[in-house]
Amino acid sequence: MEQSSWFHQSIQPLNQAAKQAAKLRQTQLTKPAGSLGRLEELAVRLTAMQAREFPKMNQAWVSVFAGDHGLAQAGVSAFPAEVTAQMVHNFLHGGAAIAVLAKQQHMDFEVVDVGVSSDFQPQPYPEGHKGLVIAKVAKGTASSLDQAAMSHAQCLAALEAGKQAAERAFAAQADCFIGGEMGIGNTSAASLLIAKLTGHALAPLVGAGTGLDSAGVERKRAILAQVLEKHAAVESQDALAVLATFGGFEIAALAGAYIRCAQLGLPVLVDGVISSAAALVAEQLCPGAKDWWIFSHLSVEPAHQVCLNALGAQPLLQLDLRLGEGSGAALAWPLVQQACWLHNQMATFAEAAVSES
């Protein structure tokens, strides 16, 4: 079987009968109709995803994919490339934002090395961490200034690493998948992907990333414009070629995870601009997969709103975040749980003997 054939598997359909029943229940709960706003819509979506009268969001699974970018050597980030490997150690020892949030909320947590330039040795990890999964495709991508970031085979291998992470989450009976990422230079890759796939002008999509000053942002824009021009012949309709040309191993792994979650029927909380760029690729590779994704927040990175618009997505939160790692999705997780609890546990007018309008 060709490695890429799994993309063509159908996604799990949402249960329309459960959706209609959930909508009806929302009209019967002891509140004015529509008064819980988008929390009502979220509960209805989760009911359709899980085909349950009462949706369940008890356990989340977090996979943080890490990979280095050859383009980082061109100076598109405020941080040096070696920070990717240093942050992998920080994730594993509980010091990064996503690790703190995962531990506080008792999430299953793993880090997946899909392309970090450094090698890692087995080591003990704090309680509650799944540890480090080695799925290294290569020690960093090539620089897209010179050539495609990934070969076709490398891109498929990175997508496969994400697929396997989704399958681990599903086997562990997680109720929701959260994908995080770490890779110095990956906001550049995300901006390039979004520009190419949407046809939007590049310059307005390029932000400060890890904290570039105005001069740094202008330098980043100039470099990315060169990359886009060099690969102008790549067809925007060929999402796999676009991903291989402009993306990164961790972005490809996220895309693979999102596709596989939709095929397995596992809801996804999507994080910020990099995760959303991966989702944009994934939706083009497997149309309809976005039915299984909940977008957690709107990043301050300018490319994010453009990407969300292309996906027809409305995020749950706007907290001016720009960290990545899956942190925004982890912050939105309690809101998803609360939408379920309200739907499941509020009394109906009949149960509470309250008069309806």
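Which residues is S296 in contact with, leaving aside its neighbours within four places in sequence? The points below take this up, then turn to other parts of the model, which is a predicted one.

1. Contacts of S296. With neighbours within four places in sequence left aside, S296 is in contact with L269, V270, D271, P315, L316, L317, G328, A329 and A332. The residue sits in a loop, with strand 6 (293-295) on one side and helix 11 on the other. S296 has 0% relative accessibility and therefore counts as buried, since the limit for that word is under 20%.

2. Polar atoms around S296. The backbone oxygen of V270 is 2.6 Å from a polar atom of the S296 side chain. The backbone nitrogen of A329 is 3.4 Å from a polar atom of that side chain.

3. Helix 10 and helix 11. Helix 10 covers residues 273-285 and helix 11 covers residues 302-311; their axes come within 9 Å and cross at roughly 30°. Angles under 35 degrees count as roughly parallel, and helix 10 and helix 11 are therefore roughly parallel to each other. The crossing of helix 10 past helix 11 is left-handed.

4. The contact between these helices. On the side of helix 10, the contact is made by V273, S276, A277, A279, L280 and E283. Helix 11 contributes A303, H304, C307, L308, A310 and L311. Sorted by class, the residues of this contact are nine nonpolar, two polar and one charged.

5. Burial in helix 11. Which residues of helix 11 are buried? They are A303, H304, V306, C307, L308 and L311. The cover over the buried residues of helix 11 includes helix 6 (186-198), helix 10 and strand 6. Just after helix 11 comes G312, with a positive phi of about 65°.

6. K163 in helix 5. K163 belongs to helix 5, which runs over residues 152-171. Is K163 buried or exposed? Its relative accessibility is 12%, so K163 counts as buried. Leaving aside neighbours within four places in sequence, K163 is in contact with W6, G256, A257 and R260.

7. A142 is in the loop between strand 3 (129-134) and helix 5. With 24% relative accessibility, A142 counts as partly exposed, because that class lies between the buried limit of under 20% and the exposed limit of over 50%. Not counting residues up to four places away in sequence, A142 touches G70, L71, Q147, A148 and A149. A142 and D68 are 74 residues apart in sequence, while the distance between their C-alpha atoms is 9.3 Å.

Key. Residues are numbered from 1 along each chain as its sequence is written. This is a predicted model: local features need pLDDT of at least 70, side-chain atom pairs count only at pLDDT 80 or more; totals for chains, interfaces and linings use all residues. Side-chain values use heavy atoms; hydrogens and water are left out. Axes are lines fitted to C-alpha atoms, for helices over the stretch in contact, and angles run from 0 to 180 degrees between N-to-C directions. Helices (H or I, at least four residues) and strands (E, at least two) are DSSP runs, numbered from the N terminus. Angles under 35 degrees count as roughly parallel, over 145 as roughly antiparallel, 65 to 115 as roughly perpendicular and the rest as oblique. A crossing is left-handed if the near helix is turned anticlockwise from the far one by less than a right angle, and right-handed if clockwise. Contact means heavy atoms within 4.5 Å. Ala, Val, Leu, Ile, Met, Phe, Trp, Tyr, Cys and Pro count as nonpolar, Asp, Glu, Lys and Arg as charged, and the others, Gly among them, as polar. Buried means under 20% relative accessible area, exposed over 50%, partly exposed in between (1.4 Å probe, protein chains only). A polar contact is a pair of N or O atoms within 3.5 Å; within protein, one must be able to donate a hydrogen and the other to accept it, and residues adjacent in sequence count only if both atoms are side-chain atoms.
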